Amino acid sequence: MAISLSVVLLLGIILVVLMRGGTIKAGPAVVAILFGFFLASTGMADDIQRFLDSIADTLNSIQF
C-alpha cells in the first residue's frame, strides 16, 4: 500500500508539472487519468501490480 500510494503521488506530481510547463495540455491529461482509472478495473491490473512490485523489490535489494 505504501509503495502504491507513493507511486500515485509521484505520478500526480509529474502530471501537474507537465501541465504547468505546457508539455501536456489538460485534455490529454484527463484522458491519461481516465485511462489509468479504467485500466485499474480490468483483469490486467493484477499483472501490472505484480510487475511494479517486482521492480520495487529489485530496487530494494540493490546494495550500495
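Modeller: Buried means under 20% relative accessible area, exposed means over 50%, and partly exposed is in between, with a 1.4 Å probe and protein chains only. This is a predicted model, in which local features need pLDDT of at least 70 and side-chain atom pairs count only at pLDDT 80 or more, while totals for chains, interfaces and linings use all residues. Residues are numbered from 1 along each chain as its sequence is written, and side-chain values use heavy atoms, with hydrogens and water left out.

Colleague: Why is T23 called exposed?

Modeller: The relative accessible area of T23 is 63%, and exposed means over 50%, so T23 is exposed. T23 lies in the loop between α1 (2–21) and α2 (26–39).

Colleague: What makes a run of residues a helix or a strand?

Modeller: Both are DSSP runs, numbered from the N terminus: a helix is H or I over at least four residues, a strand is E over at least two. The chain has 3 helices and 0 strands, in the order α-α-α from the N terminus on.

Colleague: Why is the chain called more spread out than a compact globule?

Modeller: The radius of gyration is taken over C-alpha atoms, and the globule rule is 2.2 Å times the number of residues to the power 0.38. For 64 residues the rule gives 11 Å, and the chain has 14 Å, well over that, so the chain is more spread out than a compact globule. Its C-alpha trace spans about 40 × 35 × 15 Å along the principal axes. Buried residues make up 8% of the 64 residues.

Colleague: How do you know that D47 and R50 form a salt bridge?

Modeller: A salt bridge needs a side-chain nitrogen of Lys or Arg within 4 Å of a carboxyl oxygen of Asp or Glu. In D47 and R50 the closest N and O atoms are 2.5 Å apart, and the count by this rule comes to 1 salt bridge. The two residues are 3 apart in helix α3 (residues 45–61), so about one helical turn separates them. D47 is partly exposed at 44%, whereas R50 is exposed at 53%.

Colleague: What makes L52 part of a nonpolar surface patch?

Modeller: A patch takes residues with over 30% relative accessible area and no salt bridge; like charges are joined within 9 Å, and nonpolar side chains (Val, Leu, Ile, Met, Phe, Trp, Tyr) within 5 Å. L52, in helix α3, has 39% relative accessibility and counts as partly exposed. The patch of about 690 Å² is made by F51, L52, I55, L59, I62 and F64.

Terms used. Accessible areas come from the Shrake-Rupley method with a 1.4 Å probe; for residues, only the protein chains shown count as cover.
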